[in-house]
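Please read them alongside the sequence and the coordinates.

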Amino acid sequence: VYGAAQEENKMAFLTELSRFCAANTKSLLVGGDFNIIRYVNEKNTMDGVHRHTNIFNSLIHFYELREIVMTGGKYTWTNNQEYPILEKLDRVLVTKEWEDIFPQALVKKLPREGSDHNLLIISSG
């Protein structure tokens, strides 16, 4: 997934994500750069959540998605400034059916190299 970075395109992205989840109700894994934080503690500046956070969280709740726990650090993106803003924009969401098939799945954050995002590796266990 690559979620819209521009505010004016986020609703279209969330609508597309919702349609995708509705059409794929069985074993589903969706991951990538959603460009939306879910909670205030997913940003190092603690100055609030994104304008679309509530809609994003409602979509996750409605489709009963679960987030695979990430190891290796808290944030997945930086603005690369001297006093950086850090956010968790990247994640992996799964359905209960997927989690039942791969109950030991893990997501590991790798060190950032040459990008403003960290790579995530999924291990199904």
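**Notes on the predicted model**

1. Strands here are DSSP runs of E with at least two residues, helices are runs of H or I with at least four residues, and both are numbered from the N terminus. Two strands are taken to pair if DSSP finds at least two bridges between them.

2. Residues are numbered from 1 along each chain as its sequence is written, and side-chain values use heavy atoms, with hydrogens and water left out.

3. Strands 7 and 8 (residues 120-123) run antiparallel and are joined by 4 bridges. Lysine 108 stands opposite isoleucine 121 in strand 8, and lysine 109 has leucine 120 as its bridge partner in that strand.

4. Strand 7 (residues 106-109) has a covered face made up of Val107 and Lys109, and an uncovered one with Leu106 and Lys108. In a regular strand, side chains alternate between the two faces of the sheet.

5. A further open sheet is formed by 3 strands in the order 1-6-2, with antiparallel pairing. Its edge strands, strand 1 (29-33) and strand 2 (66-67), each pair on one side only. Strand 2 pairs with strand 6 over 2 bridges in the antiparallel sense, with arginine 66 opposite valine 94 of strand 6.

6. Which residues of helix 2 (residues 53-62) are buried? They are Thr53, Phe56, Asn57, Leu59 and Ile60, where buried means under 20% relative accessible area, exposed over 50%, and partly exposed in between (1.4 Å probe, protein chains only). Seen down the helix axis, these buried residues fall within an arc of 155 degrees, so they line one face of helix 2; the arc is that of the directions from the helix axis to the C-beta atoms. Asn54, His61 and Phe62 are exposed on the other side. The cover over the buried residues includes helix 1 (7-23) and strand 6 (90-94).

7. Most residues other than glycine have a negative phi. Glutamate 64, which follows helix 2, has a positive phi near 55 degrees. Asparagine 35, not a glycine, has a positive phi of about 60 degrees; asparagine 35 is placed in the loop between strand 1 and helix 2 and is buried, with a relative accessible area of 10%. Asparagine 80 also has a positive phi, near 60 degrees. Asparagine 80 is in the loop between strand 4 and strand 5 (86-87) and is partly exposed at 46% relative accessible area.

8. The largest pocket holds about 150 Å³ of space. Its lining consists of Cys21, Asn24, Thr25, Leu28, Tyr63, Glu64, Leu65, Arg66, Thr95, Lys96 and Glu97. By class there are 4 nonpolar, 3 polar and 4 charged lining residues. A pocket is an open set of points on a 1 Å grid over the protein atoms alone where a 1.4 Å probe fits, with protein on both sides within 12 Å along at least five of seven lines; lining residues have an atom within 4 Å of a point.

9. Tyrosine 75 lies in the loop between strand 3 (70-71) and strand 4 (77-78) and counts as buried at 18% relative accessibility. Beyond its neighbours within four places in sequence, tyrosine 75 is in contact (heavy atoms within 4.5 Å) with residues including Asn41, Leu86, Glu87, Lys109 and Asn118.

10. Glutamate 87 lies in strand 5 and counts as buried at 6% relative accessibility. Not counting residues up to four places away in sequence, glutamate 87 touches Ile37, Glu42, Lys43, His50, Tyr75, Thr76 and Trp77. Glutamate 87 and glutamate 113 are 26 residues apart along the chain, and their C-alpha atoms are separated by 16 Å.

Methods:
This is a predicted model: local features need pLDDT of at least 70, side-chain atom pairs count only at pLDDT 80 or more; totals for chains, interfaces and linings use all residues. Grid points are joined across faces, edges and corners, and a volume is the space filled by probe spheres set on the points. Ala, Val, Leu, Ile, Met, Phe, Trp, Tyr, Cys and Pro count as nonpolar, Asp, Glu, Lys and Arg as charged, and the others, Gly among them, as polar.
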